[in-house]
Amino acid sequence: MPETPLYIPTPAGPLFAVLHTPDGDRPPATAALLLAPGGDEKRAAHGAMARLARTLCTAGAAALRFDCRGTGDSAGEAADVTLESMEQDATAAADFLRARSGGAPLVLVGVRLGASLALRLGPVLGAARVVAVAPILSGATWLRQERGRTALRRSMIARELAAAGAAPGTGTASARTDLPAGAEDLAGMPIGAEMIAGLGRLDLLAAPAGADAPETLIVQVSPRRTPLSEIARLGEAQRARVECLNLEPFWQPLESPDVGPLAELIRPFAAGGAS
Amino acid sequence: MPDLNALLPQIKKLVVERLFLDVPAENIGDDDNLLEKFGVDSVRMFEIVVGLEEAFGVSFADQEFSVDRFATPRKIAEVVAGKTGA
């Protein structure tokens, strides 16, 4: 299946993207827009997002994955990324994909922060279906955990440096000092003050789905066989189907997490099937 | 006094599930160092902490995220007991 790297022009600068198209001359059955995680999670999930796009393509979708501004190979700086800029970029990417999909129904497939955006943008973009994988329900909680993860990482590095006989504060155990005012270094990824404020306001449970909500599938990725109470509440609020998958968190920098079961779960839903 | 004996099996089960370890939870010692015995790195340890938050309904401030605090099942149980009053 062809994979075409390209740039999507936007007023804020070009966005790097890869368009996956089905083999042959048949028009795509759906137009699947993949929304990646944010921050450091995006880097770790890169390979999984490509795998998901390829799997959707085998079901006849044209699938587009892209880098929001300030990330990957797109224009801009990481510290300037905001939730609003991510939504603007997703909208530009959706318009681009639609123009190349012959009017096929739009399906949003988001992971982590991308899933949160997919749930918010689904009705706005007129999506037929939304797949939200491990959505971030509370931006404040995610921020707290990411700060904790950063602290844990520094703690681990400091421990190893101390074991090697290095002086305290040596090397990458220290916090970065080259960031703009109000910005933070979260697990090696700069995050700006406006993004921090926006995440503090992100609360999916406070925004139930409207009457125009797309058909939605929420996937909980966890060893739990039943939904967490918050996920169950989100499912009710979004009138969504909820599935639980016992997978490693592929948005963390693990060696080689297998997202095959996730891809197989999403494929029929994205294609419009009932299961 | 927190009942660590009741918490420890739950902690070990959570560690096995979250880290996808191929060992029975009961084979993990209360004082086994997870870093040294299972090669747990900061990414895996973060998964344990997130799992604790989900399973026990607790939350940790960023300054509480330190390797030593979560290094063994007993230390983890003590942290959880301190949060829940178990």
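**Close-up views of the predicted model**

**Figure 1. Interface of chain A and chain B.** Putting chain A and chain B together buries about 2,100 Å², with carbon and sulfur atoms giving 64% of that area. On the side of chain A, the residues that lose the most area to chain B are A:R144, A:L152 and A:M156, which together make up 28% of what that side buries. The model shown here and in the following views is predicted. Chain A brings 23 residues to the contact, and chain B brings 24 residues.

**Figure 2. Polar and charged pairs across the interface of chain A and chain B.** The interface holds 4 salt bridges. A salt bridge links B:E36 to A:R159, with 3.9 Å between the closest N and O atoms. Polar contacts join 5 residue pairs across the interface of chain A and chain B, both residues of each pair being at pLDDT 80 or more. Sorted by class, the side of chain A that touches chain B comprises 9 nonpolar, 6 polar and 8 charged residues.

**Figure 3. Domain 1 and domain 2 of chain A.** Domain 1 of chain A covers residues 3-137 + 203-270, and domain 2 covers residues 138-202. A distance of 26 Å separates the C-alpha centres of these two domains of chain A. Their contact involves 22 residues of domain 1 and 18 residues of domain 2. Between the two domains of chain A, about 1,600 Å² is buried, and carbon and sulfur atoms give 64% of this area.

**Figure 4. Details of the contact between the domains of chain A.** Between domain 1 and domain 2 of chain A, the count is 1 salt bridge. A:R149 and A:D40 meet through their side chains in a salt bridge, at 3.2 Å from N to O. The two domains of chain A also share 4 residue pairs in polar contact, with both residues at pLDDT 80 or more. On the side of domain 1 that touches domain 2, at least two residues come from each of α1 (40-58), α2 and α3 (113-125) of chain A. That side of domain 1 of chain A divides into 10 nonpolar, 5 polar and 7 charged residues.

Figure 5. A:T71 lies in the loop of chain A between β4 (61-66) and α2 (83-99). With a relative accessible area of 17%, A:T71 is classed as buried, because the class requires a value under 20%. The side chain of A:T71 reaches the backbone oxygen of A:C68 at 2.7 Å. Leaving aside residues up to four places away in sequence, A:T71 touches A:K42 and A:V81.

Technical notes
Residues numbered from 1 in each chain as written. Chains lettered and ligands numbered in written order. Predicted model: local features only at pLDDT ≥ 70, side-chain atom pairs only at ≥ 80, totals over all residues. Heavy atoms only, no water. Contact = heavy atoms within 4.5 Å. Buried area = accessible area lost by both parts, 1.4 Å probe. Polar contact = N/O pair within 3.5 Å; in protein donor to acceptor, adjacent residues only side chain to side chain. Nonpolar A, V, L, I, M, F, W, Y, C, P; charged D, E, K, R; others polar. Helix = DSSP H or I, 4+ residues; strand = E, 2+ residues; numbered from the N terminus. Buried < 20%, exposed > 50% of the residue type's maximum accessible area, 1.4 Å probe, protein only. Domains from an automatic or database assignment.
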